[in-house]
Amino acid sequence: MADRTHTPNYWDYLGLDRLLALQGGLEGDDEALMPDELHFIVTHQAFELWFKLVIRELRLARDHLSAELVDEQHIPHVVHHLRRVSTILRHLVTQFEVMETLTPQDFLAFRDKLVPASGFQSFQMRVIEVLLGMDLATRPRYGKVDPVEHIRDLAKKSPSSAVALGQLERAMAETTLRKAMQQWLFRTPIRGSSPGDPGDADTVASFVDDYLANVAAVHARQAAQMPAALGVDPDAVAARFAGMTAQARAFMHADEIEDAGERARVRRIRAALVFIESYRTLPLLAWPRLLLDTIVETEEQLVLFRTRHARMVERVIGRRIGTGGSSGVDYLDQTTGVRVFHDLWTVRTLLLPRRELPALDQADYYAFAGKGSPA
Ligand code: HEM
């Protein structure tokens with residue numbers, strides 16, 4: 001605790017005495033560290049401090065988005081907190097340059113001390129993944145190592161691991177950003193109609209039908225133009241475009257979902273996504289589309305973080321096995337394919353040029369003078 005009997009000073013406020021006493025590594029003594037080990041520890045700690053802030057900001061964004069009525073007052077707050085997250089992640093991507101000043105041989109001098117410790121055990125990174133909405137059970141793993149089970153095993157052996165497990169389990173019991181986003185999208189008015197309004201299901205279905213009809217028409221036209229322009233086989237091109245049309249249809253109808261109730265819910269969510277992205281210039285859709293852009297931006301920065309980390313690792317340890325026992329760079333490269341907000345990425349494949357969009361009869365509803373908020 002800071003000494004409250006004195007006027008606050010800079011180091012008390014920041015707890016600098018304690019913070020700067022935490023870089024002694026396993027020996028608990030800065031002086032006993034190998035050359036370059038202080039660099040390794042400080043760099044990791046700096047990342048973990050930023051992770052702490054990312055976690056706080058994600059929770060704040062999620063709380064605003066989970067509000068019963070997410071109106072224009074809430075959405076700017078969600079965007080504000082998520083922008084901070086993506087800015088931090090962008091900053092961390094460049095921070096790997098500092099780590100890279102460690103030469104392979106300098107790292108080899110102390111690397112064996114770490115085994116089997118590894119960034120794989122960064123429970124704050126797992127908390128970030130969980131709060132975003134990643135299903136940890138389906139993410140890439142190496143061997144049989146499940147990240148949560150791994151931390152559970154460690155928690156049986158050491159008190160510090162129990163703290164890690166506690167933080168992870170707390171996050172796993174919370175609403176995720178993905179779920180909050182889906183609930184908000186579900187409530188979004190489509191062609192002026194909200195869930196619970198008379199005929200809402202028919203209004204949504206007619207929007208989806210009109211949209212898919214235009215997708216099919218655009219694909220058919222492109223399939224007819226492309227062979228002549230590129231000198232390729234017309235049948236092969238027609239088959240590819242027909243495949244894309246079928247994929248768009250399957251996505252919009254949520255065909256992959258067996259349960260009828262859940263399928264209807266996801267259909268409405270996807271229709272709302274396409275609706276906001278398509279008519280994004282309407283005044284009342286300005287904040288919703290900014291929110292979707294910010295979520296995509298955040299996930300993009302996380303993917304870039306993983307990619308940059310993998311390249312840095314390749315430069316420092318080549319293709320050798322990681323201290324945590326994974327295949328190293330191969331494993332890290334697999335994680336760059338992970339996505340949390342699949343639908344936000346998928347929808348990009350089926351967006352139409354503005355001139356090809358179905359006409360929007362209820363445009364007034366989405367003007368500032370309209371009868372209500374879009375969500
Ligand atoms: C010389 C520096 C570094 C090397 C050689 C390295 C290497 C590795 C390797 C090989 C893995 C895969 C797991 C394993 O087998 O150990 C890993 C995972 C990880 N590392 Fe690093 N790393 C370095 C620096 C950093 C830094 C500065 C951070 C920042 C916090 C970091 C964060 C992570 C995270 C979060 C994972 C888990 C990735 C996942 O499972 O999705 N690493 N690291």
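Mentor: Start with one loop. Lys157 sits in the loop between H7 and H8. Helices (H or I, at least four residues) and strands (E, at least two) are DSSP runs, numbered from the N terminus. Residues are numbered from 1 along each chain as its sequence is written. This is a predicted model: local features need pLDDT of at least 70, side-chain atom pairs count only at pLDDT 80 or more, and totals for chains, interfaces and linings use all residues.

Trainee: Is Lys157 buried or exposed?

Mentor: Count C-beta atoms, placed from the backbone. A residue is buried if 20 or more others lie within 10 Å of its own, exposed if 12 or fewer, and partly exposed in between. Lys157 has 9 other C-beta atoms within 10 Å, so Lys157 is exposed.

Trainee: How many Å apart are Lys157 and Gly15 in space?

Mentor: In sequence, 142 residues separate Lys157 and Gly15. In space, C-alpha to C-alpha, the value for Lys157 and Gly15 is 30 Å.

Trainee: Is Asp36 buried, exposed or partly exposed?

Mentor: Asp36 is in the loop between helix H2 (16-19) and H3. Its phi is positive, about 80°, although Asp36 is not a glycine. Asp36 has 16 other C-beta atoms within 10 Å, so Asp36 is partly exposed.

Trainee: Is Arg191 buried or exposed?

Mentor: Arg191 lies in the loop between H9 and H10. Arg191 is not a glycine, yet has a positive phi of about 50°. There are 20 C-beta neighbours inside 10 Å, so Arg191 counts as buried.

Trainee: How many residues of helix H6 are buried?

Mentor: H6 covers residues 123-132. Its buried residues include Phe123, Arg126 and Glu129. They pack against H3, helix H7 (147-155), helix H8 (159-172) and helix H9 (177-187), where contact means C-beta atoms, placed from the backbone, within 7 Å. H6 is largely enclosed by the rest of the structure, because the number of its 10 residues that are buried is nine.

Trainee: Which residue just after H6 takes a positive phi?

Mentor: Look just past the end of H6. The phi there is about 125°, and the residue is Gly133.

Trainee: Which residues does a cis peptide bond join?

Mentor: Look in the loop between helix H5 (104-114) and H6, where Pro116 is found. Omega is about 0° for the bond that joins Val115 and Pro116.

Trainee: Are H4 and H13 roughly parallel or roughly antiparallel?

Mentor: Helix H4 (residues 74-99) and H13 have axes 9 Å apart, at an angle of about 15°. Axes are lines fitted to C-alpha atoms, for helices over the stretch in contact, and angles run from 0 to 180 degrees between N-to-C directions. Under 35 degrees counts as roughly parallel, over 145 as roughly antiparallel, 65 to 115 as roughly perpendicular and the rest as oblique. H4 and H13 are therefore roughly parallel.

Trainee: What is H10 to H12?

Mentor: The axes of helix H10 (residues 200-230) and helix H12 (residues 260-278) come within 10 Å and cross at roughly 55°. That makes H10 to H12 oblique.

Trainee: Which helix gives the most to the shell around the ligand?

Mentor: There are 24 residues around the ligand, and Ser118 and Gly322 are among those that come nearest. Here, near means a C-beta atom, placed from the backbone, within 6 Å. Helices H3 (37-65), H13 (286-317) and H14 (329-335) each give two or more residues to the shell. With four residues, the one that gives the most is H13.

Note on methods. Contact = placed C-beta atoms within 7 Å.
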